[in-house]
Structures are given as structure tokens and as C-alpha cells.
Amino acid sequence: MQKVVGIIGGMGPLATVDLMKKVISYTPATRDQDHIHIIADNFSQIPDRTTAILGKGVDPCPYMIQSAQRLEKAGADFLVIACNTAHFFFESVKKSVHIPILHMPVETAKFLQENHFKKVGLLATDGTINTKLYQHSCQNYDIEVIEPDMVMQKEVMDGIYAIKGGKSAKGFMSLSTVANNLIEAGAEAIIAGCTEIPLVLRSSDEMIIIDPTEILAKTIIKIANETGKSAQLV
């Protein structure tokens, strides 16, 4: 029987929707009944993760735990989180339920190793960079991560806010500037550590964009269709 995936949402609604769309679009289906059973708890009361991590806001972990437990009760066989920064609270949420949770930065690091990348650039908001989630995950797979400096980090934030505000062209200019800076520093590929980034940046002959939500979606499909003892969850 196919497994049910539960998405802990409420941390950037577009991230949740984007992940669901990717899972649906990547699923090999010849009929509606072939699609994966997805349930999501888009809990709007979850506080901002970045402000909490920087010591300026309310701890979102209790709210994330509520979502995880609701999804488990609703019948999810395993859980995922679409938000990059939210994985900072991964271990605490994992301990609150009796079902596994996929770790997006770890799945991304596995993908990078399998594809023989040795040095990548991290294009993300300050919350994702400061948590060191991708840096630590990649380090465990012998992959070096290059971060933007403070000046470039402001450029990233400006680009993200521009995209959120509907100014895609301005966002593209800011993000492509930083991405090219990371490539000049030796990055073989760029990790899109924020859901908005793939909206304006695409892989090209000069730049390889790694989308963690795309990797997560394909991992979800693989695991949801595994049965019995062959099913391996993080």
C-alpha cells in the first residue's frame, strides 16, 4: 500500500504549495488514482523562524510539533517540511511523533554527493545561512559550502523581498549577481536555499541551480511507493 506523506506547513504558504505541486508533477501517473496521498497542515500561527533563531522572536517549535502530531493523527506515514530554515527545529519535532521526518538539507547533500559535486554555493536568507543546516549536512558528505559575505547577503535579501513584492526582474538581478559571485569563488553549483529563488534563477550553461524542494519531492515519491521492509526513511 502506498504511504501517506504529511507536510508541516504554515512557514511560507508558497513553499508548501510549491512542494505539493512538484510531488504531483513528478509522480508518474496514468490516472488520478496513481497520485500520492498528501495531507498538509498549513498552521498559520507558526511564528517566524528567522527572528526566533536570531533571538528576536517567539519559539516556533511548539507550533510545529502541534502540526506534526495532527498530521500523524490524520494518518501520515512520514512527514516533510518545505521551509529550509525550519529544519533548525528538526530534532525536537522528530522526537514528538512516532513517524519519520525527511530532512531536506540531508537529502540535498546526498544528491550532491551522488552527482559528484565537491564545492557548492549557498544562496539563501540569513536564517538558513546562520543555522548552518546545509553547511553541516554537506560537510558530512565531504562537500564544501561557500557562503555569500555580508554585502552579498544583503543583496540576497533584497532579491527575495523583490520577488515577494512581484518584482521578478529586480529579484533576478540581485540573486544572479550573488550566484555569479559564488561561482567565481569556486562553486560548482548553487543551492537554492529559499523557495523564491527557483522562480527567477534556472540552470544554464554557466550556472547549475540545485533546488532542495525538487530533491525532496522526488524523494517523497520514491519513499511513498516503497513497501514493507524495503522502505527506508530518515
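In the predicted model, helix H8 (residues 150-164) and helix H9 (residues 168-184) approach each other so that their axes come within 7 Å and cross at roughly 155°. Since angles over 145 degrees count as roughly antiparallel, H8 and H9 are therefore roughly antiparallel to each other. The crossing of these two helices, H8 and H9, is left-handed. On the side of H8, the contact is made by Met-152, Glu-155, Val-156, Asp-158, Gly-159, Ile-160, Ala-162 and Ile-163, while H9 contributes Ser-168, Lys-170, Gly-171, Ser-174, Leu-175, Val-178 and Asn-181. Sorted by class, the residues in the contact of H8 with H9 comprise 7 nonpolar, 5 polar and 3 charged.

The model also contains an open sheet, in which 3 strands are arranged in the order E2-E1-E3 with parallel pairing. Strand E2 (38-41) and strand E3 (78-81) stand at the edges and have a single partner strand each, so that one side of each is left without a neighbour in the sheet. From one strand to the next, the twist averages 30°. Strand E1 (residues 5-8) pairs with E3 in the parallel sense over 4 bridges, and Gly-6 stands opposite Leu-79 in E3.

Notes
Residues numbered from 1 in each chain as written. Predicted model: local features only at pLDDT ≥ 70, side-chain atom pairs only at ≥ 80, totals over all residues. Heavy atoms only, no water. Pairing = 2+ DSSP bridges. Axes fitted to C-alpha atoms, helices over the stretch in contact; angles between N-to-C directions. Parallel < 35°, antiparallel > 145°, perpendicular 65-115°, else oblique. Left-handed = near helix turned anticlockwise from the far one by under 90°. Contact = heavy atoms within 4.5 Å. Nonpolar A, V, L, I, M, F, W, Y, C, P; charged D, E, K, R; others polar.
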